[in-house]
Amino acid sequence: MKRFILKLCAGLAFLAAAAHAQGQTPPSFPSKALRVIVPSGAGLTNDIWCRLLAQKLNERLGWAVVVENRPGGNYVIGYQVMTNSPADGHTVLSVLSSMPVVQNTMRPQPFDMLRDMMPITRAVNVQLILVANNEQPFRTAAELVKYAKANPGKMSYGALNVGSLTHLAGELFKLVVGIDMVNVAYNGEALVLDTLSGRLQAAVLTTSSTASHIQSGRLRGLAILGPSRSPILPSVPTVAEAGLPAIDADGWQGLAVRAGTPQPIFDRLTREMTAVIQSEDFQARLRAQGALPVSETPEQFRQKIESDLNSWARLVASGKVQVLEGQFHEVP
């Protein structure tokens with residue numbers, strides 16, 4: 001009898017190990033609420049879709065999901081929440097395309113995306129747009145360039161956070177068209193408000209955050225800073241269509257967990273989150289916010305992150321820009 005019990009226990013252990021090897025999630029996961037860390041303020045695109053994701057995961061699976069906004073430090077604060085949390089799948093980071101920029105432009109280097117995290121999927125593509133206050137004397141991107149060249153150093157433009165993708169896109173625009181504008185960095189909604197009020201002459205923002213203001217005539221859309229027009233602002237030309245050098249500065253947003261997360265847990269998160277992102281309702285609501293839904297495998301997303309890291313590293317190494325105290329500067 002004793003030998004039978006020992007064999008039974010051994011058999012059960014073998015079956016449990018086999019189930020684990022086949023990628024079955026431990027029955028205790030999730031054992032508490034999932035945290036989705038958004039490394040920026042409330043009301044921005046990545047905050048909106050992460051809250052929708054949390055809602056859909058709750059409806060689909062009954063999971064408790066809490067979205068936490070941890071802005072500041074060029075996304076470093078939110079990133080550190082992930083890296084300082086247990087690698088158990090209960091803390092998910094909203095990853096932004098600005099992060100490869102920050103990794104390449106801040107010294108000392110604030111993080112290592114390929115080392116620190118396991119990418120789940122890219123969920124959203126976000127287009128950037130150059131906008132102007134409606135009272136400005138220029139009505140197109142080409143006219144802005146002409147005005148800026150006639151008034152060197154006297155124009156200002158706003159962008160989110162020094163070293164962010166919007167800032168990088170603005171600096172790249174300045175470089176390729178050969179103008180001098182002063183950057184004013186913002187943390188959140190005040191950027192849109194100051195552009196509307198005329199405190200700023202121009203700004204680089206997302207199409208989703210500006211569409212309603214452009215459609216109402218309160219802001220002027222000058223150019224899309226990417227390779228294609230926006231589906232929600234089809235009348236706004238790309239920079240290339242405006243007769244200026246082409247720019248590819250689209251943004252993206254996705255999800256990741258801390259490196260070292262057990263593979264069965266990672267696979268479960270990937271499967272469930274991808275199912276939500278691919279659902280018709282989720283994608284329709286993303287489009288209504290001006291975001292373009294994307295769904296990639298973890299390996300595809302990792303390759304995209306690696307590609308962007310290499311691109312910004314090459315840009316810094318080119319000598320066209322320099323890194324000073326974590327800021328991205330045009331080289332005189």
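Modeller: Happy to! An axis here is a line fitted to C-alpha atoms, for helices over the stretch in contact, and angles run from 0 to 180 degrees between N-to-C directions. Please keep in mind that this is a predicted model, in which local features need pLDDT of at least 70, side-chain atom pairs count only at pLDDT 80 or more, and totals for chains, interfaces and linings use all residues. Residues are numbered from 1 along each chain as its sequence is written, and side-chain values use heavy atoms, without hydrogens or water.

Let's start with helix α10 (residues 263-278) and helix α11 (residues 280-288), whose axes come within 5 Å and cross at roughly 60°. Helices (H or I, at least four residues) and strands (E, at least two) are DSSP runs numbered from the N terminus. The pair α10 and α11 is therefore oblique (under 35 degrees is roughly parallel, over 145 roughly antiparallel, 65 to 115 roughly perpendicular, and the rest oblique). On the α10 side, the contact (heavy atoms within 4.5 Å) is made by Val276, Ile277 and Gln278, and on the α11 side by Glu280, Phe282 and Gln283.

With a relative accessible area of 15%, Lys56 is buried (under 20%; exposed is over 50%, partly exposed in between, with a 1.4 Å probe and protein chains only). Back in α10 sits Thr270, which is buried too, at 12% relative accessibility. Apart from neighbours within four places in sequence, Thr270 is in contact with Ile120 and Pro298.

Now for the wider setting. Pro39, in the loop between β1 and α2, is buried at 2% relative accessible area. Its C-alpha atom is 4.7 Å from that of Pro71, although the two are 32 residues apart along the chain. Leaving out neighbours within four places, the contacts of Pro39 include Pro71, Tyr75, Gly78 and Met99. Gly78 belongs to helix α3 (residues 76-83), where Val76, Tyr79, Val81 and Met82 are also buried. The buried residues of α3 pack against several elements, among them β1, β3 (91-96), α4 (98-105) and β4 (117-126).

Across the chain there are 12 helices and 13 strands, and 52% of the 332 residues are buried. Of the contacts with a separation of 6 or more, 76% join residues 24 or more positions apart.

Finally, confidence: the mean pLDDT (the predictor's confidence in each residue, from 0 to 100) is 86, and 86% of residues reach 70 or more. It is highest in strand β1 (residues 34-38), with a mean of 98, and lowest in strand β13 (residues 327-330), with a mean of 42. Residues 4-23 stay under 50 and have three contacts beyond four places in sequence. Residues 324-332 are also below 50, yet the model gives this stretch 32 contacts beyond near neighbours in sequence. Where pLDDT is low, the predicted coordinates should not be read in detail.
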